[in-house]
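I opened my notebook to look up a few things in this structure. Here is what I went through, entry by entry.

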Amino acid sequence: MIELTPSDTPHVIAMRASGRVDEKDLQRVIDTIEDLKKTQPRISLYAELDEMRWMTFTAFLRDLGYGLTQVGEMDRFYRAAIVTDKQWMKHITRLENRLFRDFEIRTFPIRDKEAAWTWVKHQPDSPSTETVGKAEGI
């Protein structure tokens, strides 16, 4: 299940995943991202993933498919804060940082949720005026 959580920052989508994530959960997040892209030049994501146990195969395929459709629009994404203590997610973050250089992705341990919020809420410049460096996953 993915729960969209309130964000006090207009360009940030916040969520918490727990238990099993299915295609409907993922589609709700994708729809939220697409709606926000209509009003914000760049968006950021905050995701608490430590309670997620697994993702269905159809959800995985949907996530992969959506990600591939966004390759040409990566400059619309600014930052993603992944809050987790799971080591395997940290390795995925490092790989994604190498693949998606315009989009900063950083992991934060659960104890550093506040630091993750502070980092992800930073206001981006427009895509044409900003040079984005990549963050190294922790």
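**Entry 1: Lys-37.** I started by placing Lys-37, and I found this residue in helix H1, which covers residues 23–37. The model is a predicted one, so I kept the confidence for a later entry.

Is Lys-37 buried or exposed? I read a relative accessibility of 7% for Lys-37, so this lysine counts as buried, the limit for that being under 20%.

Next I checked its partners. The Lys-37 side chain has a polar contact with the side chain of Glu-34, at 3.2 Å. Leaving out residues up to four places away in sequence, I listed Ile-43, Tyr-66, Gln-70, Glu-73, Arg-76 and Phe-77 as the residues that Lys-37 touches.

**Entry 2: a surface patch.** I then turned to the surface and noted a nonpolar patch made by Phe-57, Phe-60, Leu-61, Leu-64, Leu-68 and Val-71. Together they have about 620 Å² of accessible area.

Val-71 lies in the loop between helix H2 (57–69) and strand S4 (77–83). Its relative accessible area is 48%, so I wrote Val-71 down as partly exposed.

**Entry 3: confidence.** Where is confidence lowest, and where highest? Helix H3 (residues 87–99) is lowest at a mean of 73, and helix H4 (residues 113–120) is highest at 96.

I also marked residues 128–138, where pLDDT stays under 50. The model has 28 contacts beyond four places in sequence for this stretch. A reminder to myself: where pLDDT is low, predicted coordinates should not be read in detail.

How values were computed. Residues numbered from 1 in each chain as written. Predicted model: local features only at pLDDT ≥ 70, side-chain atom pairs only at ≥ 80, totals over all residues. Heavy atoms only, no water. Helix = DSSP H or I, 4+ residues; strand = E, 2+ residues; numbered from the N terminus. Buried < 20%, exposed > 50% of the residue type's maximum accessible area, 1.4 Å probe, protein only. Polar contact = N/O pair within 3.5 Å; in protein donor to acceptor, adjacent residues only side chain to side chain. Contact = heavy atoms within 4.5 Å. pLDDT = per-residue confidence, 0-100. Patch = residues over 30% accessible without salt bridge, like charges linked within 9 Å, V, L, I, M, F, W, Y side chains within 5 Å. Areas by Shrake-Rupley, 256 points an atom, 1.4 Å probe, with all protein chains shown as cover. Salt bridge = Lys/Arg side-chain N within 4 Å of Asp/Glu carboxyl O.
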